[in-house]
Amino acid sequence: MISGSVRGSVALPLAIVGLLGNLFVILVIGVKRKLHTMHFFLLANLSLSDFLFHVILFFNAINFISVNWLFGTPWCQGTSYLLRCFLVTTLLLLCAVTWECHTAVVRTPYQFSSEITVKKVAVVLILWVASFLFAVLSINLAGRSITYNDKTLECELNSKSPDKSKAVLLISTTLVIIIPFGLIGKQQYQIRRVVKQQITQIIQQQRCIQANNLEGQHVHQQEFMKNVKESKDAFVIVVSFLVSYLPMFVMAGLRARLGESDAMYNALFLANLLVQAGATWNPVIYCFRKRQFRRQCYQLVCKKIFEVGSSQVSPQ
């Protein structure tokens, strides 16, 4: 079985990179006023969820190295609730990002406003509260206890009532995974269909726009294409989430059927490591996929560095 020191030496750097990367995204979006749109507000909340997720994984990585749990029973129990809470929060925020893109492209194209409003912020807060309540209820209603497993070196859920636990697991899986991804898949399909139709129309209208100098229509089309780009970015983030989390769901199901073994523990660790990596590379997706975000990062970081460097050069 993979030793705790090896686990910690891999998980700890990932946790640190994930903390710094997601914190950087939050700071850039918070500081730069040009990024104060609803789309980037939702991405900032996704980064906040990943940041808090990495805080827990940071302590877990230290625990891997020390082998024994160092942080007390309340933190051991709390991590199980919080990890589930952040997982559900990420899923719901992905639904919100896709819903926003669907509204901008399908429901109200050329009329969509990305302005941050009190109502939209309240909806995001409700998603956070709902995620926490779901995490608490799904564990307590299933009659599960939380104990430390010295094989996996993690705090895990143990079922006191297997039948009740399976029923709650089926309901929670349907509510949190099947329904959200069903909605996301349906909306992404509708977005792709509308985009294909609209792009064909836009290409046909370009000559008419240039001939008649319809600047307002041209601006609307630019805004529509920007919303299309954001919908593609949302699709990439959703696929990234699926790629990183699907092995963990599969391994959890296999563990319930096949039982405990060293090979199973190793496979679970690798699946969890992929989940951690998925929460780490989201900032990389933002930087490579979003030109506006890259531009603001350059203005915030690179220009400051150049200014400091040029001020320290003494005149000859």
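I start with a definition: Ala, Val, Leu, Ile, Met, Phe, Trp, Tyr, Cys and Pro count as nonpolar, Asp, Glu, Lys and Arg as charged, and the others, Gly among them, as polar. I will need it for the cavity entry. The model I am reading is predicted.

**Entry: overall layout**

I looked at the secondary structure first. The chain has nine helices and two strands. Along the sequence I read the pattern α-α-α-α-β-β-α-α-α-α-α. The chain holds 316 residues, and 41% of them are buried.

**Entry: the cavity**

How many cavities of 30 Å³ or more does a search of the whole structure find? I found one. The largest cavity contains about 90 Å³ of space. I listed its lining: L46, D50, T90, L94, I237, S240, F241, S244, Y245, G278, A279 and N282. By class, I noted six nonpolar, five polar and one charged residues in this lining. The charged class includes Asp, and D50 is on the lining list.

Next I asked which helices supply the lining. Helix α6 gives the most, with five residues.

**Entry: aromatic rings**

Two names on the cavity list, F241 and Y245, made me look up the aromatic pairs. A search of the whole structure gave me four pairs. In one of them, the ring centres of F58 and F59 are 5.9 Å apart and the planes stand at 80 degrees, so I logged the pair as edge-to-face.

F241 and Y245 make a stacked pair, with 4.2 Å from centre to centre and 25 degrees between the planes. F241 is buried, at 6% relative accessibility. Y245 is buried as well, with a relative accessible area of 7%.

I moved on to the second largest pocket. Its volume is about 380 Å³. It is lined by 16 residues, and those closest to the pocket centre are M38, A96, W99, K120 and V123. Two or more lining residues come from each of α2 (38-66), α3 (72-107) and α4 (118-140). Which element gives the most to this lining? It is α3, with seven residues. By class, I wrote down ten nonpolar, two polar and four charged residues.

Helices α2 and α3 are on my list for this pocket.

T98 is in helix α3. T98 counts as buried because its relative accessibility is 0%, and the cut-off for buried is under 20%. Leaving out residues up to four places away in sequence, T98 touches I184, Q187, Q188, I191 and V238.

S47 lies in helix α2. S47 counts as buried too, at 0% relative accessibility. Which residues does S47 touch, not counting those up to four places away in sequence? I found N22, V25, I26 and Y286.

**Entry: cysteines**

Last, I checked for disulfides. A disulfide is a covalent bond between the sulfur atoms of two cysteines. The structure holds zero of them. I looked up the burial of two cysteines, C85 and C297. C85 is buried, with 4% relative accessible area. C297 counts as buried at 10% relative accessibility.

Definitions and conventions:
Residues are numbered from 1 along each chain as its sequence is written. This is a predicted model: local features need pLDDT of at least 70, side-chain atom pairs count only at pLDDT 80 or more; totals for chains, interfaces and linings use all residues. Side-chain values use heavy atoms; hydrogens and water are left out. On a 1 Å grid over the protein atoms alone, a cavity is a set of points where a 1.4 Å probe fits but cannot get out, and a pocket is an open set with protein on both sides within 12 Å along at least five of seven lines; lining residues have an atom within 4 Å of a point. Grid points are joined across faces, edges and corners, and a volume is the space filled by probe spheres set on the points. Helices (H or I, at least four residues) and strands (E, at least two) are DSSP runs, numbered from the N terminus. A disulfide is a pair of cysteine sulfur atoms within 2.5 Å. Buried means under 20% relative accessible area, exposed over 50%, partly exposed in between (1.4 Å probe, protein chains only). Rings of Phe, Tyr and Trp (its six-membered ring) pair if their centres lie within 6.5 Å; planes under 30 degrees apart count as stacked, over 60 as edge-to-face and the rest as tilted. Contact means heavy atoms within 4.5 Å.
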